[in-house]
Amino acid sequence: MSTPVSLTTSLIATDPTTGTVIREVPAATPAQIEETLARAASAFGTWRRTSFDERAELLGAVAAELRRRREDFALLMTEEMGKPIGEARGEVDKAAWAADHYAQFGAEYLATEPVDSDATRSYVQYLPLGPVLGVLPWNAPFWLAFRFCAPAIMAGNTAIMKPDPHVPGCGAAIASAFAAAGAPDGVFQTLEAATADVESVIRDPRITAVSFTGSDRAGAAVAAVAASEIKPAVLELGGSDPCLVLADADLAAAAEVIALSRIINAGQSCIAAKRIIVEASVHDEFVGLLRARLAALKMGDPRDETVQVGPIARADLRDNLHRQVTETVAAGATCVLGGELPAGPGFFYPVTLLTGVQPGMTACTEETFGPVATVLSAADAAEALAIANDTRYGLAASVWTATERGEAMARELEAGQVSVNGIVKTDPRLPSGGVKRSGYGRELGRHGIHEFVNAQQVWVGPKQD
């Protein structure tokens with residue numbers, strides 16, 4: 001057993017609309033971490049033997065609890081990380097959808113599969129591994145929690161969620177939803193641990209697997225620790241997602257969807273369109289359409305029902321975003337819209353449109369996490385594809401063109417998911433994940449629930465000729 005070494009610290013939530021501290025929670029002590037691990041291990045002994053129907057009943061009850069307390073949970077996100085209230089309500093609904101989806105389809109996804117061999121009978125059965133640790137970020141605290149825990153719990157594992165230290169209220173609320181739904185003690189737990197204690201938790205022999213969502217730098221550290229303990233991990237990391245707009249695209253539809261993709265959660269999304277690569281013959285027309293849509297967006301207090309763009313979650317994140325914008329402009333790009341730090345309280349950053357961006361500029365080589373649309377020009381579809389793949393990331397991509405052509409280009413795009421003539425999004429029915437420095441493994445859908453199970457081969461004799 002590995003012992004946490006950090007001193008107890010506090011997890012502090014700051015309202016990014018005002019910059020004031022709204023919540024301070026003591027980080028888990030070594031004794032509390034030990035209790036959490038012990039409960040998860042003890043609960044697994046019973047939970048792994050439950051039927052799919054029993055597991056589905058729990059997830060259904062949790063989904064109902066999420067919907068019942070939708071307004072309270074949405075407001076927590078708005079307070080702790082600045083998500084506009086309408087988007088926050090939608091996130092609670094989507095988390096409930098994930099729970100319902102695995103309740104409905106988990107048994108089908110994990111059904112025993114007969115396999116022909118020289119045995120009298122042989123098959124593969126999918127068995128749970130044990131307690132699974134989810135190390136999660138702040139930008140979608142409810143959705144990402146259920147993307148991790150719903151398939152893990154439906155597979156018969158127990159789940160420990162370590163939320164980002166800046167959203168402690170959201171982490172506690174998710175645990176309270178499981179408790180209210182009657183979850184057995186230890187099946188799901190929120191562990192409000194200090195970041196410095198994560199390594200020791202991963203190394204603890206009671207943890208059997210790890211799911212991590214966050215930056216590629218932090219993901220590399222988590223992956224190294226998990227690999228050193230020979231534990232499976234799923235990593236969903238950063239992205240510099242390309243969006244290709246070709247000359248035969250429906251430009252108005254593309255501008256509408258790309259503007260939305262760029263500003264959801266104030267642009268603080270791994271799968272938001274980040275590099276918009278436009279074929280030269282329609283570049284100016286498309287930029288005009290995109291600028292008009294971006295300029296019409298309302299930025300302000302995310303509690304206001306009419307606001308579409310809230311603040312950046314933290315001051316340091318806003319500072320880094322502004323650095324990326326200023327460095328890109330200094331390198332020769334044109335700032336068509338926004339780009340100036342606003343006066344006043346909070347961590348707001350205006351919707352910004354950069355054109356004349358070239359590969360190698362900061363906005364192309366780093367992940368931009370904010371409402372900044374970066375437009376590049378490509379001579380033709382071939383050059384657009386080359387620019388799209390010229391990145392160390394490979395999370396998601398989209399292409400706007402004739403449908404058949406778009407599907408053909410999807411095979412050439414180095415990304416874990418591709419959307420043709422539509423917004424890139426995550427969906428409980430479809431696998432999600434990346435390649436290159438955007439991570440490995442898949443979440444959601446059939447593929448996601450298969451990540452943290454033992455695909456056990458069973459051979460039953462006697463041998464057949």
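Reader: How many salt bridges count between domain 1 and domain 2?
Author: The count is three salt bridges, each a side-chain nitrogen of Lys or Arg within 4 Å of a carboxyl oxygen of Asp or Glu. This is a predicted model, where local features need pLDDT of at least 70 and side-chain atom pairs count only at pLDDT 80 or more, while totals for chains, interfaces and linings use all residues. Residues are numbered from 1 along each chain as its sequence is written, and side-chain values use heavy atoms, leaving out hydrogens and water.

Reader: What makes glutamate 305 and arginine 89 a salt bridge?
Author: Their closest N and O atoms are 2.7 Å apart. The limit is 4 Å, so the pair qualifies.

Reader: How many residues of domain 1 are in contact with domain 2?
Author: 24 residues of domain 1 are in contact with 30 residues of domain 2, contact meaning heavy atoms within 4.5 Å.

Reader: What is the area buried between domain 1 and domain 2?
Author: About 2200 Å², with carbon and sulfur atoms giving 55%. Buried area is the accessible area (1.4 Å probe) that two parts lose on being put together, summed over both, so the value covers both domains. In domain 1, Thr17, Trp138 and Ser438 lose the most area to domain 2, together 25% of what that side buries.
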